[in-house]
Amino acid sequence: MTSIIFRTATRYMFPPLLVFSVYVLLRGHHYPGGGFVGGLFAGSAFALYALAFSVADARKVLRADPRDVTAVGLALALLSGIPPLFSKEAFLTGTWWTLPLPAGGTLDIGTPLFFDIGVYFVVLGVLLTLVFTLGEEE
Amino acid sequence: MRGLQLFSMWILLAICFIAALSAPFVHRIIPKYTGAALVSAPLAMVVWLLSKIPEVGNGHAITQSFQWVEKLGLEVAFRLDGLSLLFALIISGIGALVVLYTQGYFKGHPQQGRFMMYIIAFMGSMLGVVLADHILLVFIFWELTSFTSYLLIGFNHESADARNAALQAMLVTVLGGLFLMAGLVLMGDAAGTWRLSEIVQRGHEITEHKNYLAILILVCIGAFTKSAQFPFHFWLPNAMQAPTPASAYLHSSTMVKAGVYLLARLHPALGHTEEWTLILTTIGTITFLLGAIMALGQHVLKRLLAYTTVSALGAMVMLLGIGTKYTIKAMAAFVLAHAFYKATLFMVAGGITHETGGETSIDKLGGLRKAMPISFGCALLAGLSMGGFPPFFGFVAKETWLHALGDYPLLIVATVVGGAAYVLVGFSTGWKPFMGKMPEGLHAHEVPLTMRLGPIVLGLGGLVLAVFCGPVGHALVQPAAIAIYAKELEVHLHLWPGVNIYFVISIVTLVIGTVCYLARAHFVKGAGKLSLLVRFGPDAVYQAALNGVLKFAAWHTRKLQTGILRDYIRVTVVTTVLLVGAAFVRSGGFQGWENLSPISLRVALFGILMISATFATVHSKSRLRSILSLGVVGFCMALLFTFFGAPDLAMTQLVIETLTVILLALAFYHLPTFRHGSTKRTRVIDIIISISVGVIVTLLVLAALHVQTPTPVSDYYLDHSYKDAHGRNVVNVILVDFRALDTLGEITVLTIAALGAFALLKLKPKKEGAE
């Protein structure tokens, strides 16, 4: 996979793919998308990078070990279940806060968002654990 | 202080378990004083129990409980009455001495801390058994004693004999534990309460219940396995593989009495019936005689004691079975007497073996009186108490026992036979090793102080108890007997009963026993012949059953775990198809053929494309071509999702499909060159399996679509998605909000799967030579 076209294309595709994955993650609440698909998109971006260059290069771009990414995601999803406990609701019950925006209007932020971000990271981490491990030479 | 008093029982228990857990660390810090430090836990218990004697003696049981799981009716409830007090005192008192004894026995042993941990944990469990008032709590502690006993018997885990004996003891007692659990659940159900103190007040409800016989038999099996009653007695002599402190503690004075305790505890609930008397008296008498007779032919110190323990446990069950006021008093007195002399003899036996460099046979021992004078004194005191010589407590107990059997001449004969055997064993262990000439090459010296303390206290205790048998009977034996009998009674123990028929019988027993001891050589010879019987005894049955299970396990592992992935998939898939298919056919199959909507042209076209791609996947001669064709199937699937208005699914499917191709391509890099491993025959089988899977899944999906519920669950989600969860995308709201716990479970599984794959791929075993 050392085709120069593939490499160049990947170089340009990689940032938009990551941005798109975050976009898919965030829009998921109202429109098709969500943490799972978003994580898959981000994972494919890195997988593409690993194929075009090398696993070592992809690891450098990711900076963190994919297993740590998984752990962070799982922890985030778990922690997002805690806030409702303070208002004597069941674990993982969606809890929402309304934030005023500086430019006027309000923004609803809820624990399900953080849960979804957790899912995003778990999927990304799991996928890359597999891809990197399989793709690495002995 | 008041608050503390309310929880004193479970705090003291907790201290035992904390002491157990900290034992290895304590040993590391102060190896020379481990025992001295840890003994504080049982001593605290002893002191507390002693302080409660007046209160409990007056008939006031101490109850302490708190709710655990309210909805399930689970309480952590403890209760101290006369019976619990007697047993708890024996357990914690001997426990304290055994902890000190262990200090000397394992002096300098690197694993002393581990042993201490086991033995103190056992003590806590055993105290739990006798103090718990909730039958499920009793059961939990009961199983804990089996478990700690396993660890103790197998302490020398490098010895195959010790491992086998540990496994045997555990399998027998835990199997019995399962029966017991069934019995306890049935009993709690019949009585309508889980509190022992309430159950024992509802005896009639249980004995007249339709399940009474089942309850009785199940509970008896549980108690009999634990207390080594015939035909489950065989594990106890084998358990002598345990280090001596454990034998002295578990397998003579405490754990094996758990079964007796439970039967005594449940006597008011289950007793006073013909069935109770028949089962307990028969089994108890058989065990009593069997143990006594088997002991005659033994020459190994600990086995001599083990068989007489079996016998003594049989006697307790026998006395309990008869269930009169008198036999129950005799039983309570005998429990006390037995604990004192048997623990002493075990400790001395351990000391002898320890100080002579591992000698265990009494025939090779002799003349130790000069080298070990204190041990000799203690052993003699205990041996005489065991034989029932006056003026020891063993004699007092034997007197009440004979008195109680006044109406049962046959049992008196049995008692004379058994009693004679006790005299013989008492002499064999308390006299024989110390008298005569010291065999050449035998060197010995006195045991250290820590190992002397236990025998001295308990050996002299047999004498002291007898001297003060009046007050002892009143303070300890009487409350225990009242708890078992559940009616008022009075206990008067006498050291000098006056000359009567029972006293004469007692003396005759002693004479016969002494004569038998002098003629011991003949019994040893006779026992050689008896060993033929052992070959067909319960021990052999156990071995055969164990081997059978192992053989069966090996056979089906060979058949099912072939190590070939294809076989696993086949087994999994065929099982699923058969089970699901059977359920599907039974529920009427799929009926709605006429309701199916027509297939549009574009769907049909993609369907045909998918089918052709599937064929290509299967027939391709290269892996790369196979996965590309498989990718075609997946992408068509994604398109079909968009046709039917499922953009979420389509999007996910597309990315997944891409990634699958990438992952498979990467995985193939690690595989050997491609070749067909199947023959024509296996291919035919595989085709049949694949088709049946396809058919079943298709029919299931069709049937699922036609299931009509009054209000579809989707309506709820559609109604509440935006209102309650602030989201318009119902699919996602379900995933992250309504059913977030499911998703949390799924991502956890995903993580575990990734870690598993990582481990398989990365952490390969190192090649030989490359350390």
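This is a short tour of the model, stop by stop, with something to select at each one.

Before you click anything, note that this is a predicted model: local features need pLDDT of at least 70, side-chain atom pairs count only at pLDDT 80 or more, and totals for chains, interfaces and linings use all residues. Residues are numbered from 1 along each chain as its sequence is written, while chains are lettered from A and ligands numbered from 1 in the order in which they are written.

**Stop 1: domains of chain B.** Colour 278–547 as domain 1, 564–717 as domain 2 and 718–771 as domain 3; these bounds come from an automatic or database domain assignment.

Stop 2: Select β1 (62–69) and β2 (74–80) of chain B, which pair antiparallel over seven bridges. Strands here are DSSP E runs of at least two residues, helices are H or I runs of at least four, and both are numbered from the N terminus; pairing takes at least two DSSP bridges. Q64(B) has F78(B) in β2(B) as its bridge partner. Four residues sit between the strands, and G73(B) has a positive phi near 70°.

**Stop 3: L131(B).** From F78(B), hop to L131(B), which touches F78(B) as well as M9(B), R79(B), L80(B), S84(B) and A88(B), leaving out residues up to four places away in sequence. Contact means C-beta atoms, placed from the backbone, within 7 Å. L131(B) belongs to helix α6 (112–131) of chain B. Is L131(B) buried or exposed? It counts as buried because it has 28 C-beta neighbours inside 10 Å; the cut-offs are 20 or more for buried and 12 or fewer for exposed, with partly exposed in between.

**Stop 4: the largest nonpolar core.** Such a core is a set of buried Ala, Val, Leu, Ile, Met, Phe, Trp, Tyr and Cys residues joined through C-beta atoms within 7 Å. This one has 204 residues, and L86(B), I119(B), I120(B) and M316(B) touch the most other members. Helix α17 (325–355) of chain B gives the largest share, 19 residues. Apart from this core lies another of 51 residues, including L128(A) and M651(B).

**Stop 5: where the chains meet.** The contact takes 34 residues from chain B and 36 from chain A. On the chain B side, select α29 (647–668), α32 (730–738) and α33 (740–762), each supplying at least two residues. The largest share, 13 residues, comes from α33(B).

Conventions: Contact = placed C-beta atoms within 7 Å.
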